[in-house]
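Reader: I have a structure open and have not looked at it before. Can you walk me through how its parts meet?

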Amino acid sequence: MGGKKDDNERRSSRGVTRRGFFTAVGAGAVGAAAIGRAQAPGEAAIATAGEPAKVALRINGRAYRLLVEPRWTLLFVLRERLGLSGAKAGCERGECGTCTVLIDGVPRYACTTLAVEAEGHEITTLEGLMNGDKLGPVQQAFLEEDALQCGYCTPGQIMAAEGLLRANPRPTLDEIRTGMSGNLCRCGAYTHIFKAVQKASELKKAGGR
Amino acid sequence: MLPNFNYVRPATLSDAVRQLTPNARVHAGGTDLLGCLRDGVFTADTLVSLSAIEELRGIRPALDGGVAIGAMTTLTTVASDSRIAERYPALSRGVTAAASPQLRNQGTIGGNICQRPRCWYYRGEFQCARKGGEKCYAAEGENQFHCVFGGEVCFYVHPSDAAPALVALEAMVRIVGPSGARSVAADAFFVLPSKDYTRETVLGPGEIVTGIVLPAQPRGTYGTYRKVRARGAWDFALAGAAVVATIAEGRVGRVRIVLSGVAPIPWRVPEAERVLVGQRLSAKSAAKAAAAAVEGAEPLAQNAYKVDMLRGAVEEALLELA
C-alpha cells in the first residue's frame, strides 16, 4: 500500500515519522477478498468476518486501495491505517461529534460509518481542508476567534462548520446553532465556535476555498 | 472495536431478501445498528447493507396524489423536500427534530421506524425481558424517561419522531420478504409489549421495509409536530405530539393526535380526537382535547412530570393549527 502518509509527513526531512512508521507496519497484509473492485451491476459485494477485503476509498481527492475488515469503522481506518488523525475518537457511538468527516460533502460521524460502506463516496477529512501549508478558511476562523480550549472537539467542529457552510454559505446565528448541534464541546466554547463559523463564512466569501 | 460479522452489499432487493438469513441484520444508515452491536445488545453473523439498492432511495409521486419515500432516503433528504414540507408538515417537523445533523445525514426513514428501544436497561448490561430475561428493570428502577401509556410488561418509549407523524398521516409501510411484497398501515406496524415483548414491529423473518407511502391529504388539512426535550437539539422526546387535522368552514373534520416519547409505540389518542370533531379549534377546545389525551396515563414512580408536559404539548400543537 503506497500513499499512506499525509502531505506534512511526506515533506518531513527526518526520514521515518512515528505515524508513518505505524501506518506502514499496518499495511503489510495481502491476499484479499473481492469487495474492492467496483461493484458490478446486479452483483453483491461480499466480505467475510475477520478477513481483510480490498476496498477502494477516495479521501481528500486521492484514491486509496487498502485492506479492510467488515467491522472496521471509517474512523479506525482513517486514524489507524492511513494516519489521518484529524478525526478524533471520542464516544465512538455517534454522540459527541469529534469524529465528523464529510461524505459526499455532508457531515457524518466516521465512528458510526463502516469503512466498507464508505466505498464509492468522496471523503473529506480535516487534513483535506488545508491549502497546502496554509490553514483553510474554517480552520483560520477557529484560530482567529479562539474557538477552542482543550481542542479535542475542534476537528469535528471544523468539519461540521465546513459542511454547514457548503450547504448554506451565509447562515444566520440560529442556522449555525442548529447546524453545529451535532458536536459537543465539554469546555463550553460554543459562543466562540458560533463566532468562528460566522467568521469562516466571511473568509470563504472573501475568496478562501 | 465492533464484534466480527460478514458483510454483504446486494445490488438487488430480491438478493437482499435472500441474504437475510436468521442471524443476519439489515444495515440501512447504521446509526442505531452499529451502536447496538458495539454494546452487545444483540449479535449478527452478517450485515446485509441496502446501500447499493438504488430503487430504495428517493421521494416520488405515488398513485392517487400521494408521495412515496424510499426506505433508504435519509432524514435530511426528507426534511429538505419541499413537497413533504408543504403537504406533510407534521412529518417534515418530525424528521427535522430527530437526532443531529450528522445522524440525519446518515439515518434513513426506514431505519428510523425500525429503531430498537433506547431504554438504558435494554441497552445496558441487564438481561431484561426483551433480551430473554425475566423482568423489566425499568418498572421498579430508574424510570424517569420511560412510558406512561401501554407499558404493562416493558416500559420503553418509542424513540422515533417520524413515526407519530406517519401514524397521524395514515401512511402505509411497504415491506418485501421471502413471500413477496405487502403493505401495512403505519398504525399497525408497531407492536405493543403486551402483544409481543420480543419485537417492536410486525416485520417477520427475512422482511425488509422498502418504503413509506403518504396518502394525499384532503384540502384544508394542516399538521404539525411538537417535541419537548431536555435540550434544544439532539435529544429524544420527553413528550410530544403529532397532529393532523382537516378543517372545513372553521370546524374540525378528521383529526389524528399521536403522542411521542410516552409509550412503546406511537400512541394515538382517539378520545382526544373525538373531543375536537365538529368543534372550532380554540384555546378552550384545545385544552379540553389535551386533558382527554392524558386521560388514563399511568405514570411510573419517576415520570409523572411527563403527564403535564404531554398535556402542554398536545395543547400547543393544536393551537398551532388554529
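Author: Start inside chain B: the C-alpha centres of its domain 1 and domain 2 lie 21 Å apart. The domain bounds come from an automatic or database domain assignment. This is a predicted model, where local features need pLDDT of at least 70 and side-chain atom pairs count only at pLDDT 80 or more, while totals for chains, interfaces and linings use all residues. Residues are numbered from 1 along each chain as its sequence is written, chains are lettered from A and ligands numbered from 1 in the order in which they are written, and side-chain values use heavy atoms, with hydrogens and water left out.

Reader: Where are domain 1 and domain 2 of chain B?

Author: Domain 1 of chain B is 54-114 + 157-214, and domain 2 is 221-321.

Reader: How many residues of each are in contact?

Author: 26 residues of domain 1 of chain B are in contact with 26 residues of domain 2 of chain B; contact means heavy atoms within 4.5 Å.

Reader: And what area is buried between these domains of chain B?

Author: About 2,000 Å², with carbon and sulfur atoms giving 65%. Buried area is the accessible area (1.4 Å probe) that two parts lose on being put together, summed over both. On the domain 1 side, Val157(B), Pro164(B) and Ala168(B) lose the most, together 23% of what that side buries.

Reader: How many salt bridges there?

Author: The rule finds 4 between domain 1 and domain 2 of chain B, a salt bridge being a side-chain nitrogen of Lys or Arg within 4 Å of a carboxyl oxygen of Asp or Glu. Arg93(B) forms one with Glu320(B), the closest N and O atoms being 2.2 Å apart.

Reader: Now the two chains. What area is buried between chain A and chain B?

Author: About 2,900 Å², of which carbon and sulfur atoms give 53%. In chain A, Arg71(A), Thr112(A) and Glu117(A) lose the most area to chain B, together 22% of what that side buries. The contact takes 42 residues from chain A and 34 residues from chain B.

Reader: How many salt bridges between chain A and chain B?

Author: The count is 2. In a salt bridge between the chains, Arg93(A) meets Asp39(B) at 2.8 Å, N to O.
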